[in-house]
Amino acid sequence: MLTPQLASIFERFNHLKVLILGDVMIDSYLWGKVDRISPEAPVPIVSVTKIENRLGGAANVALNVAALGAKPIICSVVGDDGKADLMNQLLAESELSTEGLVRSDHRPTTVKTRVISSGQHLLRVDEEKTELLNDAESAGLINRFDQLINEEAIDVVIMQDYNKGVLSEEVITKVIEKCREKGIPTAVDPKKDQFLSYRLVDLFKPNLKELREGLKVELNDDDFMESLQRAVKELEAKLQNKMSLITLSERGMACSTDNCWIHLPAHDRKIIDVSGAGDTVISVAALCLALELEPEITASLSNLAGGLVCESVGVVPIEKDQLLSEAGLLNPTR
């Protein structure tokens, strides 16, 4: 049964405006059948039955934000190529703005192509350039970000990092400074290369692998929670962030703030595909951050949402009604 507080939270999502800065990409899917092995090499032959292109990376975060009822605005650098045209088409079909995209002739638009047969992920092919933005690209991106942040009443900024080069230390630092000046909360889904560049953000959401690699620490299975807490304290000492959300795969999620530590176990789900789960978690967590919700509520809703999207094949956004319904069963606001 839904509590009035929970229903109010989901209704308030509808009034938020979210700026998403980071690596956008196209997730392309080749669906097909495998019934024989190639005579040229010991690999399966996939007879393609369907080709599908979806928004991915930071653009999938935008889809999640939109699905939750808020208004997303994407800010990123793409290539000056046909794939960027396809990106614009996909954004238009999803009723998302293209005003925050900066084109560059020095890099291609990132495309990840997944080959899937009978629900099984057989192969992924990446078309990308992962070098950091050059000076001109960085300046163009920062200028576009400044325009958007000055023209729009932004409630929260999400920095979505996939190590594709858009979020350099210079870009990160200037964006955080600008947000702090304007009192806009910041939420980060990091990757290894710039892991410790996000000083003074509000919410930092690595997964367990990223935490280990970013801090260069090992966590002991014998005292996993204790060693995890020590690692998170080290992280927070370095970043001085206000909240940490650590996704732990089958172990669930941990949430840390100055005065609380929460561990939530994973929900019992039929896990089909974990692709895009982190996008969903940061989307829900950022909206909760914008509403200044309690850490327990933020962690509970984010943990639930991440599990729900793992029940679908491929990268897909959360379904708001389903999340609201299942959250009502858990009653995280009691």
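Predicted model: local features only at pLDDT ≥ 70, side-chain atom pairs only at ≥ 80, totals over all residues.
Reader: What makes glutamate 137 count as buried or exposed?

Author: The relative accessibility of glutamate 137 is 6%, and buried means under 20%, so glutamate 137 counts as buried. Leaving aside neighbours within four places in sequence, glutamate 137 is in contact with Val77, Ser104, His106 and Arg107.

Reader: Why are arginine 103 and aspartate 85 said to form a salt bridge?

Author: The closest N and O atoms of arginine 103 and aspartate 85 are 2.7 Å apart, and the rule asks for a side-chain nitrogen of Lys or Arg within 4 Å of a carboxyl oxygen of Asp or Glu, so the pair qualifies as a salt bridge. Arginine 103 lies in strand β5 (residues 101-104) and aspartate 85 in helix α3 (residues 82-93), so this pair ties together parts that are 18 residues apart in sequence.

Reader: Why are helices α2 and α8 called oblique to each other?

Author: Helix α2 (residues 58-67) and helix α8 (residues 277-290) pack at an angle of about 50°, with their axes 9 Å apart. Angles under 35 degrees count as roughly parallel and those from 65 to 115 as roughly perpendicular, and α2 and α8 are therefore oblique.

Definitions and conventions:
Residues numbered from 1 in each chain as written. Heavy atoms only, no water. Axes fitted to C-alpha atoms, helices over the stretch in contact; angles between N-to-C directions. Helix = DSSP H or I, 4+ residues; strand = E, 2+ residues; numbered from the N terminus. Parallel < 35°, antiparallel > 145°, perpendicular 65-115°, else oblique. Buried < 20%, exposed > 50% of the residue type's maximum accessible area, 1.4 Å probe, protein only. Contact = heavy atoms within 4.5 Å.
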